[in-house]
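Open the model in your viewer and keep the selection tool ready. The tour goes from one stop to the next.

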Amino acid sequence: MVLRSVFYSRSELISSSHRRFVSALSCLILVISGMAPPIETPNKSPDVQKSSHSPLNERILSSLTRKGVAAHPWHDLEIGPGAPIIFNCVVEISRGSKVKYELDKKTGLIKVDRVLYSSVVYPHNYGFIPRTLCEDNDPIDVLVIMQEPVLPGCFLRAKAIGLMPMIDQGEKDDKIIAVCADDPEYRHYTDIKELPPHRLAEIRRFFEDYKKNENKDVAVNEFLPATSAYEAIQSSMNLYADYIVESLRR
C-alpha cells in the first residue's frame, strides 16, 4: 500500500511538471511568433478600461474607423532635396508596355487609359515628377532610362539629363529625359549627348508614331541638354507652388 501511495504521488508530480512544461513551452512559442498573450497587470485606475485588442489590431481598427484619405502620389510624395537635378519620379508605364496607364487625379490611383492603337511599346519607364505642374494642368512627364522595367505605381530616384520638346495636337507637352539615379549602369550619365544616337532615335520615333493610328499629330523637336531640363523642372515646381498658394487663399 505504501509503494502504491508513493507511486501515485510520483505520477501526479510528473504529470504536474509536464503540464507546467507544456504551458511554458506554449508561451515561448507565442512569444517567438509575436503572438504572446497580454500580461495581466493590476489595474490601478478603476476609471481606465483595459483594451482587449493587441497594438496591431488597434492600429488596424483605427485606420478603418478614422475619416481620412489615402496618400496622393502627385501631392503627398516629396520631389526630393536634390531637385531639379535628382528627383523622385512616379512610374505610370513600364518599359515594354503597350498599355497606356496614367494617374487618376481624383483618387491618386493608376488607371488604364487605353491600349496603344499602334504596334509600338514604351521604350523606357515613363511617369511624372510629383509636386510639379505644367501648362496642361498635369505634372511634368519624365522618361527614365534604366536596365529593368518598373511596376506602375512605384517611385524611384531619377536624374535629369535632357529635355525632349514636344507638341501634342498643337499643345506643348515636353518630356524630361532622365536616368535612374540608383542604376549602376546609367547613374553616371549627366547629359543627353552621352547617350548613343540610336537610343535617341528610338525615343523620338516612338513619340512620333504612337498616336498615328488615332489620327493625332505629334511633333518632336531637337533634344536639349540637361540644363534645359533643370530649367523646365524648376519652372514646373514654381508653377505648382503658385497653385498651392492660390488654393490656400481661396
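Is Arg114 buried or exposed? Arg114 is buried, because its relative accessible area is 17% (buried means under 20%, exposed over 50%, partly exposed in between, with a 1.4 Å probe and protein chains only).

**Ground rules**

This is a predicted model, in which local features need pLDDT of at least 70, side-chain atom pairs count only at pLDDT 80 or more, and totals for chains, interfaces and linings use all residues. Residues are numbered from 1 along each chain as its sequence is written, and side-chain values use heavy atoms, with hydrogens and water left out.

**Stop 1: colour by confidence**

Colour by pLDDT (the predictor's confidence in each residue, from 0 to 100). The protein's mean is 83, and 72% of its residues reach 70 or more. Select residues 1-18: pLDDT stays under 50 there, with zero contacts beyond four places in sequence (contact: heavy atoms within 4.5 Å). Residues 27-42 also stay under 50, but have six such contacts.

**Stop 2: Arg114**

Select Arg114 in strand S3, residues 110-115. Strands (E, at least two residues) and helices (H or I, at least four) are DSSP runs, numbered from the N terminus. The Arg114 side chain makes a polar contact with the side chain of Asp113 at 2.6 Å. Another, of 3.3 Å, joins the side chains of Arg114 and Glu214. A polar contact is a pair of N or O atoms within 3.5 Å; within protein, one must be able to donate a hydrogen and the other to accept it, and residues adjacent in sequence count only if both atoms are side-chain atoms. Beyond four places in sequence, Arg114 touches residues including Lys98, Val99 and Tyr210.

**Stop 3: the rings**

Now show Tyr122, Tyr126, Phe206, Phe207 and Tyr210, a cluster linked by ring pairs. Rings of Phe, Tyr and Trp (its six-membered ring) pair if their centres lie within 6.5 Å; planes under 30 degrees apart count as stacked, over 60 as edge-to-face, the rest as tilted. The structure holds eight aromatic pairs. Tyr126 and Phe207 are tilted, because their centres are 6.2 Å apart and their planes at 45°. This pair links S4 (residues 125-128) to helix H3 (residues 197-209), 81 residues apart.

**Stop 4**

Strands pair if DSSP finds at least two bridges between them. Finish at Asp168, opposite Glu171 in S8.
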